[in-house]
Amino acid sequence: MDAVENAVTPAAPSTVANGTSSAIIVEEFEDLASLVRDDEASVSITVVGASGDLAKKKIFPALFALYYEGCLPKHFSIFGYARSKMTDAELRDMVSKTLTCRIDKRENCSEKMEEFLKRCFYHSGQYDSEEDFKELGKKIKQHEGPRVSNHLFYLSIPPNIFLDVVKCASKSASSVSGWTRVIVEKPFGRDSESSAALTKGLKQYLTEDQIFRIDHYLGKELVENLSVLRFSNLVFEPLWSRQYIRNVQLIFSEDFGTEGRGGYFDSYGIIRDIMQNHLLQILALFAMETPISLEAEDIRNEKVKVLRSMKPLRLEDVVIGQYKSHTKGGITYPGYTEDKTVPKGSLTPTFAAAALFINNARWDGVPFLMKAGKALHTKQAEIRVQFRHVPGNLYKGSFGTDLDRATNELVIRVQPDEGIYLKINNKIPGLGMRLDRSNLNLHYAARYPKEIPDAYERLLLDAIEGERRLFIRSDELDAAWELFTPLLKELEQKRMAPELYPYGSRGPVGAHYLAAKYNVRWGDLG
């Protein structure tokens with residue numbers, strides 16, 4: 001890595017632990033902002049696929065939020081690149097409709113918005129044209145002037161054109177004097193073979209250090225807080241093993257279906273879309289051993305060890321489902337195959353549950369249950385840690401035969417309404433001996449009045465700074481696909497029919513049988 005790369009890659013900001021005062025948070029944020037201010041260098045951010053939904057709804061708003069908080073370098077420019085014909089003014093008009101002053105109510109928000117939009121430019125071109133990217137490079141150079149230039153490309157495009165764009169950008173629009181980095185959106189292939197081919201293709205033009213594979217769930221505040229909770233609190237780390245934990249549940253649910261966007265989803269399905277990346281990444285962070293430092297490579301090394309220790313996924317440990325039409329409150333919600341963008345008779349699962357096991361000394365025998373689905377009864381993402389029953393519990397008579405009611409449970413609610421709570425047993429005040437279950441609750445909205453940054457804000461800032469801790473390394477990706485590819489191929493070869501479940505329900509009944517097989521009850525069912 002050259003001197004320029006080292007100069008513009010400060011250490012990552014530490015995650016704020018529970019109980020930290022808001023003054024420290026502000027001070028830390030200001031320190032962070034000062035790290036990226038550099039009068040001698042400029043950063044040019046190109047959003048490839050600028051006219052798409054992801055760019056409009058997530059990337060441009062995240063960049064504005066970073067600018068608003070003073071976290072972008074003094075000299076920066078943002079370029080939109082797509083095939084659509086558009087002027088700079090039209091891009092700014094399109095972007096302005098998605099920007100909000102949600103960060104706070106300071107009076108200068110509209111002024112900041114105007115200043116930000118003046119830094120946004122557009123260049124129309126084909127994704128496989130080196131000539132068009134050469135013109136983009138010239139436009140970027142005009143705005144950079146004589147400064148050291150750093151280039152960040154965000155590929156908000158379908159994966160089938162990743163390699164065309166990377167080839168053209170690396171040859172015709174990369175930085176000469178500073179760094180060039182590329183953020184790659186999932187999906188990273190459909191299986192081990194296609195993922196390996198994609199990685200091999202990217203590495204023809206980029207080094208591993210230049211590739212930032214983004215999984216926005218790793219930028220979620222509560223996922224970031226996971227290692228803080230475990231490694232900086234003595235009360236939790238000794239309990240983090242098979243000796244005290246009975247099972248771990250990783251739950252993701254959406255209360256809406258594909259809604260006319262089934263074309264993309266049908267070619268991937270819920271396992272590839274959610275489980276193989278979002279939930280598996282959270283599992284690896286949760287289960288890893290203590291890294292020797294908070295450096296990116298040390299953390300990613302431990303995550304890879306977890307993934308490589310996992311037992312092969314068996315078909316009998318997986319349940320798949322697909323939502324069907326359902327009428328509720330006088331409203332009829334269409335089934336998955338009734339979506340006109342979904343092929344008729346599709347067997348693509350919109351729901352999946354799986355039991356996974358880690359074959360190492362810490363976690364041997366502990367079931368890690370994953371559950372992900374669309375068109376369910378609620379929208380949420382959470383981690384549930386169910387602890388073992390108390391041996392020889394003196395108060396088991398107070399709970400009857402249902403000892404699960406007396407089980408301690410740690411819940412990390414990733415979204416919405418972020419929070420961490422621990423279920424404990426306690427005595428109800430009074431002369432009798434009546435027990436109750438209560439929550440020791442850290443509700444983020446109540447404890448921290450400052451709005452939680454969007455995951456894309458954190459990840460974009462990390463990419464600008466060269467902090468790779470929350471991005472996926474190629475060997476991590478390989479290990480994740482090695483776990484899921486045999487299962488996916490078996491499901492497709494046998495044309496396994498998913499169990500149908502009503503739109504807005506709690507999912508297929510088979511998921512409950514899967515949990516019961518390992519003496520587990522899904523914690524989100526109340």
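Visitor: At the start of H14, which residue's backbone nitrogen does a side-chain oxygen of Asp454 reach?

Guide: First, the ground rules. This is a predicted model, where local features need pLDDT of at least 70 and side-chain atom pairs pLDDT 80 or more, while totals for chains, interfaces and linings use all residues. Residues are numbered from 1 along each chain as its sequence is written, and side-chain values use heavy atoms, without hydrogens or water. Helices (H or I, at least four residues) and strands (E, at least two) are DSSP runs, numbered from the N terminus. A polar contact is a pair of N or O atoms within 3.5 Å; within protein, one must be able to donate a hydrogen and the other to accept it, and residues adjacent in sequence count only if both atoms are side-chain atoms. Here the residue is Tyr456: the oxygen of Asp454 comes to within 2.9 Å of its backbone nitrogen.

Visitor: Where does Ile472 lie?

Guide: In the loop between H14 and helix H15 (474–493). Its relative accessible area is 4%, so Ile472 counts as buried. Contact means heavy atoms within 4.5 Å. Leaving out residues up to four places away in sequence, Ile472 touches several residues, including Phe188, Arg213 and Gln281. Ile472 and Ile211 are 261 residues apart in sequence, yet 9.1 Å apart in space, C-alpha to C-alpha.

Visitor: Is Gln281 buried or exposed?

Guide: Buried, at 4% relative accessibility. Gln281 is found in helix H11. A polar contact of 2.6 Å joins its side chain to that of Lys303.

Visitor: What is the order of the strands in the open sheet?

Guide: Strands of a sheet pair through backbone hydrogen bonds, either parallel or antiparallel. Two strands pair if DSSP finds at least two bridges between them. This sheet has 6 strands in the order E3-E2-E1-E4-E5-E6, with parallel pairing. E3 (120–124) and E6 (211–214) stand at the edges with a single partner strand each, so one side of each has no neighbour in the sheet. Look at E1 (41–48) and E4 (148–155): 8 bridges join them. Leu152 in E4 is the bridge partner of Ile45.

Visitor: Which strands does helix H6 touch?

Guide: Axes are lines fitted to C-alpha atoms, for helices over the stretch in contact, and angles run from 0 to 180 degrees between N-to-C directions. H6 (residues 130–144) packs on the sheet and touches E1, E2, E3 and E4, at about 160° to the direction of E2. H7 (residues 162–172) packs on the sheet as well, touching E1, E4 and E5, and makes about 170° with E4.

Visitor: How many bridges pair E14 with E15?

Guide: There are 5, in the antiparallel sense. One of the pairs is Leu410 with Leu422. The hairpin has 3 residues between its strands, and Asp417 takes a positive phi near 55°.

Visitor: How many residues has the largest nonpolar core?

Guide: Such a core is a set of buried Ala, Val, Leu, Ile, Met, Phe, Trp, Tyr and Cys residues joined through side-chain atoms within 4.5 Å. The largest has 151 residues, and Phe286 is among those with the most contacts inside it. Its largest share, 12 residues, comes from H11 (residues 269–287).

Terms used:
Buried < 20%, exposed > 50% of the residue type's maximum accessible area, 1.4 Å probe, protein only.
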